[in-house]
Amino acid sequence: MKSILEYLEQSAERFPDKIAFADEKSQCTFAELRTQAKKAGSALARRGCIKKPVPVLMEKGVDTIEILMGIVYAGGFYVVLDAAQPAGRLGQILSTLEAELVITDEAGTQLLKDIPRAGETVDFRQLLQGGTDDALLETVQMQRQDIWPLYVMFTSGSTGVPKGVVVSHRSVIDFMEEFTENFGITHQDVLGNQAPWDFDVSVKDIYAGLKTGATVQIIPKQYFSFPMLLLDFLEERGVTSLTWAVSALCIVSALNGFSYKVPGRLRRVMFSGETMPVRHLNYWRRYLPDAMFVNLYGPTEITCNCTYYVIDREFAAGDAIPIGRPFANEHVFLLDENDREVTDPGREGEICVSGTALALGYYNNRRQTELAFVQNPLNQSYQELIYRTGDMGSYNERGELCFASRRDFQIKHMGHRIELGEIEAALEKVDDVVRSCCVFDGERKKIVCFYQGNVERRGLSLALGELLPDYMVPNVFRQVEEMPLTKNGKIDRNRLWSEYNESLLKRKRRI
Amino acid sequence: MDELMEILEEICPDVDFESETALVDDKLLSSFDILSIISEISDAFDITLTPAEIIPENFNSADAMWNMINQLRN
């Protein structure tokens with residue numbers, strides 16, 4: 001199999017009239033999706049986009065999947081961009097891509113006017129209007145290789161510039177074969193898509209649907225603030241399976257959504273993105289006692305997930321839910337600080353991954369690629385690349401892998417992977433900020449910013465809103481007279497952190 | 001009402017809560033903002049919001065939120 005288009009084509013043959021994707025207002029069958037994608041593909045192939053990035057600035061939806069598949073027919077790879085992020089960040093991403101065009105709608109066209117060197121904007125409707133040029137698509141098909149990129153997903157970068165993870169067809173096929181088989185996803189499933197499409201959690205929905213012939217029901221983003229809307233949608237659309245970010249599942253439990261309604265056909269709940277709090281997992285299990293629950297682990301760089309754990313026992317608050325064991329065809333192992341393998345239970349090591357699942361690195365960023373994708377230090381004999389996740393893990397007594405912590409200053413907040421360094425780099429751009437330091441209060445789920453400089457917290461928060469996505473703007477601002485320093489002259493994070501905790505305790509005592 | 005305004009301005013300093021009446025419908029509040037508001041007002045006013053209260057109409061304006069809070073306090 002050379003490309004994921006074979007998934008689409010097989011499903012279009014088997015289930016031509018079945019709904020492939022549906023959103024709030026529209027839907028398309030597998031046959032329609034193939035037809036529309038070929039139209040867009042023909043228009044794009046005429047421009048020539050083999051092995052080129054094609055940014056798509058659109059909300060997730062039926063139109064968008066037609067465009068994404070069109071890009072793939074034309075031999076290009078898609079980069080879905082979130083219109084809600086600040087123009088500055090969007091500009092950074094577009095200049096990294098050096099793309100000639102951006103596919104978008106009216107709102108996106110307006111937004112892109114303010115971004116220098118954004119490339120030509122193309123209205124997506126224009127691409128779906130023309131005919132299909134089968135001969136042209138055939139010439140693309142003749143050249144196709146499974147190592148061609150399928151998509152690029154951008155993640156936070158510690159230097160202040162987002163990094164674009166490039167993933168090939170081969171890696172997605174490798175993962176999807178295992179993923180659908182392992183958890184028994186079939187054409188009878190209805191997948192409730194929560195993840196935004198600039199997140200690789202969505203890859204599991206899109207390709208599980210295309211591969212098996214399951215319908216993907218795209219849930220509007222706004223529904224996640226309002227449990228009644230969300231649960232009505234899941235019930236009315238007959239959703240059977242969720243592959244959601246942990247933070248999305250926690251919304252339902254935090255707002256006690258199931259006191260209103262429990263969707264009757266739901267039988268599989270899979271989650272990833274951060275550690276699932278046991279209290280929230282137990283809430284879900286109480287209302288869905290017969291459903292399968294799966295903890296999935298892995299960064300974008302290894303194509304969605306590299307390990308899984310099917311919940312098979314009770315957990316009490318404070319227990320660690322394992323990340324389990326590797327998917328077939330992936331090798332997941334721990335290395336200690338001297339690059340020796342850790343196999344005994346209880347000892348921590350960095351989680352490392354090898355296999356077809358490895359991404360092709362970071363787009364136009366050779367330096368960062370070479371730092372993260374390296375030769376397996378355990379193999380002196382031939383080339384074997386591994387990805388060093390930066391996550392620390394250990395085996396429990398049952399031999400299951402468990403996540404422990406991060407090795408650096410990357411955090412998980414609201415399902416987003418964030419480098420605190422990227423926030424600090426943005427703070428440096430704000431006038432009057434002399435120095436700054438951010439820490440993450442994991443217990444209270446707040447990003448805390450300490451800063452030195454003559455600026456009010458409201459002004460600072462507003463300025464950061466222009467530079468960073470919402471979820472990266474700190475929740476708490478603390479002005480300090482002077483940054484405490486360590487002996488080596490670095491900002492003393494530990495001292496800031498303990499002073500912050502003391503001040504919270506004092507406040508509690510006052511109340 | 002002052003306490004509510006303080007909470008709202010802390011969470012979303014760039015939104016004009018005095019005059020906006022379509023905070024949800026015009027997408028001025030993100031889902032994260034709404035969750036933060038729910039959590040902060042639950043703590044501050046010692047109330048429990050059920051799914052029946054967490055609907056767009058109750059969050060479209062500061063007045064709507066204030067009415068909801070008062071109903072729950074009684």
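Visitor: How should I read the numbering and the model?
Guide: This is a predicted model, in which local features need pLDDT of at least 70, side-chain atom pairs count only at pLDDT 80 or more, and totals for chains, interfaces and linings use all residues. Residues are numbered from 1 along each chain as its sequence is written, while chains are lettered from A and ligands numbered from 1 in the order in which they are written.

Visitor: How many helices and strands has chain A?
Guide: Chain A has 16 helices and 26 strands; helices (H or I, at least four residues) and strands (E, at least two) are DSSP runs, numbered from the N terminus.

Visitor: What share of chain A is buried?
Guide: Of its 511 residues, 46% count as buried, that is, with 20 or more other C-beta atoms within 10 Å of their own, the C-beta atoms being placed from the backbone.

Visitor: How many residues does each chain give to the contact?
Guide: Chain A gives 20 residues and chain B gives 13, where contact requires C-beta atoms, placed from the backbone, within 7 Å. On the side of chain A, α15(A) supplies the largest share, four residues.

Visitor: Where is A:G192?
Guide: A:G192 lies in strand β9 (residues 190-193) of chain A.

Visitor: Is A:G192 buried or exposed?
Guide: A:G192 is buried, with 25 other C-beta atoms within 10 Å. Beyond its neighbours within four places in sequence, A:G192 has contacts including A:Q217 and A:L234.

Definitions and conventions: Buried ≥ 20, exposed ≤ 12 C-beta atoms within 10 Å, placed from the backbone. Contact = placed C-beta atoms within 7 Å.
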